[in-house]
Amino acid sequence: MPQPTLILHHFDQSPFSEKIRLIFGYKKLAWSSVRISRIMPRPDLMPMTGGYRRTPTLQIGADVYCDTQIIIRELERRFPTPTLFAGGNTGVPYALGMWTDRSFFQSTVNLVFGFIGDKVPREFIEDREKLRGARFDVAAMTAALPQMRDQFRAHANWIEAQLGDGRSWLLDEFSLADINAYMNVWYARQSLSSLDEIMAHLPLTAAWEARMRGIGHGERTEMSSAEALEIAARSSPETPEAGDPADPNGRKPGDLVTVSPDDYGKVPVQGRIVSLSAQHIAIRRTDARAGEVVVHFPRAGFLVVPA
Ligand SMILES: N[C@@H](CCC(=O)N[C@@H](CS)C(=O)NCC(=O)O)C(=O)O
C-alpha cells in the first residue's frame, strides 16, 4: 500500500512541531508541509479542526489529529517500525510528556521570551494572551531571566544526569522520551544566543543534542493550505466506529460532546463520538468548507463534556 499523504500544519519555529518533524525523520517518512501563520487567524485550518488552534495539527485525508500526543500515537500505529517505544517502554515516554510539555516547556518559554524581551512583536503578545487567557508579560519574563536560567538548567540537568552512565539515549534505546525532552533544548537553541553558556556545563546533553539534530526531518514537500483543505473536502474520514466498554462515564459512539485542552488554547470542539479509549477520542463534525471530518484528541490533558 502506498504511504498515505501526511500533512503537517505547522510553522518552522514551533518546538512542538519539531517533535513531529523529527519523528518523520526517525521513521523515514515523506510528508507534506503546510506552513501556517504563527498567530491567528488560520482560515484554511479552522474548518478542519473545528476551532482547535494549537500547533501542530496532522491531517490524513479527512482525519485530523490535534496535539502531538495523539499525532505520535497515530504515526506509531501506522508506521510501527522503527518504534518510538523500544524495550517495552510504552508508558513512561508518554508520561514524561507531562514534564517536557508542561513544566519544562514553561521554563523554556519564559527563558526564551525573557531573553528576546522588547523585540517580541505586539501582535504576537496579543495573540498569545488570547491563547493563554492571561497576560503574556514579557517585561516580567525579562525581569525573571536569572531565575528562568536556573529553572532551565535544573530541568536540562536531569537529561545530563540520565546520560551520566554513558548511555546514548534517555532510556535504554532511542525513544519518544528523547524527542519529548529534546524539544525544549531545540527551542532554546533557536532563540538563545547565550545557550552555550548553560550547555558548556552539560557536555553529555550537548553531545545528545547533536545526535538528535542528526535524525533529520524525513522527506518534506511544501503544500498550500488551500490544497490541504481541498484534500479534506474530497476525502472521507477513515476512522471506524469503536466503543469503550470500560469508559468510566458511559460515553459511547454517537454521543454529542465538546473536547478542549485543559491548560491553554481551551477552545471547545463539538462533534459526535466515533471512537474512544483511555488514550484517545475521535469526534465527527461537518463543516461547510471541509465537509465531513473526524477530529482526534488525546485524553490526558483534555476535557470531554456532554454538549
Ligand atoms: N500540548 C500541545 C501543545 C502545542 C503548543 O503549545 N504549541 C504552540 C506552538 S509550538 C502553540 O500552539 N502556540 C499557539 C499557536 O500556534 O496558536 C501539543 O502537544 O501539541
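**Figure 1. Contacts of V138 in the predicted model.** Leaving aside neighbours within four places in sequence, V138 touches F113, G117, D118, V120 and I125. The model shown here is predicted. V138 belongs to helix α6, which covers residues 138-143. Its relative accessibility is 9%, so V138 counts as buried; the cut-off for that label is under 20%. One of the contact partners is I125. V138 and I125 stand 13 residues apart in sequence, and their C-alpha atoms are 8.2 Å apart in space.

**Figure 2. Packing of helix α1 against helix α8.** Two packed helices are described by the angle between their axes and the distance between the axes. Helix α1 spans residues 15-26, and helix α8 spans residues 176-191. Their axes lie 9 Å apart, at an angle of about 135°. The two helices are therefore oblique to each other. The crossing of α1 with α8 is right-handed. On the α1 side, the contact is formed by P15, F16, E18, K19, R21, L22 and I23. On the α8 side, L176, I179, N180, Y182, M183, W186 and Y187 take part. By class, the residues of this contact comprise 10 nonpolar, 1 polar and 3 charged.

**Figure 3. Packing of helix α3 against helix α4.** Helix α3 runs over residues 68-78, and helix α4 over residues 92-116. Their axes come within 11 Å and cross at roughly 150°. Angles over 145 degrees count as roughly antiparallel, and α3 and α4 are therefore roughly antiparallel to each other. Here α3 passes α4 in a right-handed crossing. T68, Q69, I72 and R73 represent α3 in the contact. Their counterparts in α4 are Y94, M98 and D101. The contact residues of α3 with α4 divide into 3 nonpolar, 2 polar and 2 charged.

**Figure 4. The whole protein, as context for the close-ups.** The fold holds 11 helices and 10 strands. Along the principal axes, the C-alpha trace spans about 55 × 45 × 40 Å. A compact globule of 307 residues would have a radius of gyration near 19 Å; the protein has 19 Å, which agrees. Buried residues account for 54% of the 307 residues. Contacts between residues at least 6 apart in sequence were also sorted by separation: 70% of them join residues at least 24 apart.

Terms used: Residues numbered from 1 in each chain as written. Predicted model: local features only at pLDDT ≥ 70, side-chain atom pairs only at ≥ 80, totals over all residues. Heavy atoms only, no water. Axes fitted to C-alpha atoms, helices over the stretch in contact; angles between N-to-C directions. Helix = DSSP H or I, 4+ residues; strand = E, 2+ residues; numbered from the N terminus. Parallel < 35°, antiparallel > 145°, perpendicular 65-115°, else oblique. Left-handed = near helix turned anticlockwise from the far one by under 90°. Contact = heavy atoms within 4.5 Å. Nonpolar A, V, L, I, M, F, W, Y, C, P; charged D, E, K, R; others polar. Rg over C-alpha atoms; globule rule 2.2 N^0.38 Å. Buried < 20%, exposed > 50% of the residue type's maximum accessible area, 1.4 Å probe, protein only.
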